[in-house]
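Open the model in your viewer and follow along. Each stop says what to select and what is there.

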Amino acid sequence: MPNFEVGKYAAYIWPAYAITAAVFGFLIVGALMHARRWRKRAEELSRK
Amino acid sequence: MTWAPAFLTNPERFMAFSRWAAPVFGVIAVVLGAIGLWLGWSVPPDYQQGATVRIMFIHVPAAIICEVIYAFLAGASLLALVFRHTLADCAAQAAATLGAGFTFLALVTGAFWGRPMWGAWWVWDARLTSVLVLFLLYVAYLALRASMDDETKAARNAAILAMVGIVVLPVIHYSVTWWNSLHQGSTMLTKGALAPVYAWPLYTMLLAYLAAFGSLWLVRIRGEVWRRRAEAAALRAARA
């Protein structure tokens with residue numbers, strides 16, 4: 001079973017995981033928004 | 001013609017493949033990531049590192065994958081430069097953004113491990129410095145592409161930079177043996193260096209990172225293909 005007790009190292013472990021989650025979030029949202037934005041734009045222009 | 005260039009010359013085939021492959025890789029990444037995190041938080045603290053061993057499960061995969069991405073970036077740049085494949089150029093551009101993100105993660109999570117273990121956030125150690133150079137190469141690649149109005153010229157110059165920069169990969173890998181480094185030697189490639197109890201979560205997280213990169217790379221390439229199609233359509237509309 002997972003043990004989330006990290007004692008005196010909490011100040012290092014939790015920020016490391018939080019930054020990892022934030023960077024993953026940034027990369028995922030960035031990639032999806034980039035693809036969606038240009039797909040819409042390409043479809044709009046091809047209809048004209 | 002080999003399979004890879006043939007595949008890269010056909011954007012339609014790539015778009016059809018990536019349409020289902022990107023979400024499949026994404027699901028694999030989420031499942032493996034969940035298993036890896038579960039295993040990583042279930043192992044006992046290390047007898048030397050204590051609970052900070054849990055940082056290893058997010059740091060080591062990021063450190064490995066940022067080198068793998070650079071190899072893809074240089075390979076795609078070579079194909080774009082030699083064969084003038086547009087899709088290879090899209091792949092290189094897409095890899096650079098992701099590579100910068102993963103290298104940033106490797107540096108930051110390493111600092112959070114280094115502070116309690118070495119007593120310093122940063123040391124000008126050969127391994128750390130060479131990974132910083134890798135990060136700067138990614139940033140330089142992206143900056144070079146963004147700095148020129150002529151996209152073809154920017155792509156060519158950035159491709160040359162990417163190929164020249166590949167010399168940093170063996171330097172990173174052998175930095176712990178060529179120099180007296182504070183950073184520990186290769187754990188994953190040395191038999192017996194890693195206890196099996198830590199190996200399972202580490203390898204699972206590495207596979208999760210690889211799958212996540214695969215998914216994000218495909219999505220970013222798709223976005224780049226759409227962008228170029230939109231710009232070509234806008235140009236045609238302006239000329240009409």
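**Stop one: chain B**

Select chain B: it has eight helices and zero strands. Helices (H or I, at least four residues) and strands (E, at least two) are DSSP runs, numbered from the N terminus. This is a predicted model, in which local features need pLDDT of at least 70 and side-chain atom pairs count only at pLDDT 80 or more, while totals for chains, interfaces and linings use all residues. Residues are numbered from 1 along each chain as its sequence is written, and chains are lettered from A and ligands numbered from 1 in the order in which they are written.

Now look along the principal axes. The C-alpha atoms of chain B fill a box of roughly 70 × 35 × 35 Å.

**Stop two: H3(B)**

Select 53-83 of chain B, which is helix H3. Its 31 residues should span 45 Å at 1.5 Å a residue, and the end C-alpha atoms are 45 Å apart, so the two agree. The expected span is 1.5 Å times one less than the number of residues.

Where does H3(B) kink? Go to B:His59, shortly before the proline B:Pro61; the kink is about 25°. The bend is the angle between axes fitted to the seven residues ending there and the seven starting there. Then step to B:Arg84, which follows H3(B) and has a positive phi, near 55°.

**Stop three: the side facing chain A**

Show both chains. Here 30 residues of chain B are in contact with 28 residues of chain A (C-beta atoms, placed from the backbone, within 7 Å). H2, H3, H4 and H8 of chain B each supply at least two residues of this side. The largest share, 12 residues, comes from H8(B).

Methods. Contact = placed C-beta atoms within 7 Å.
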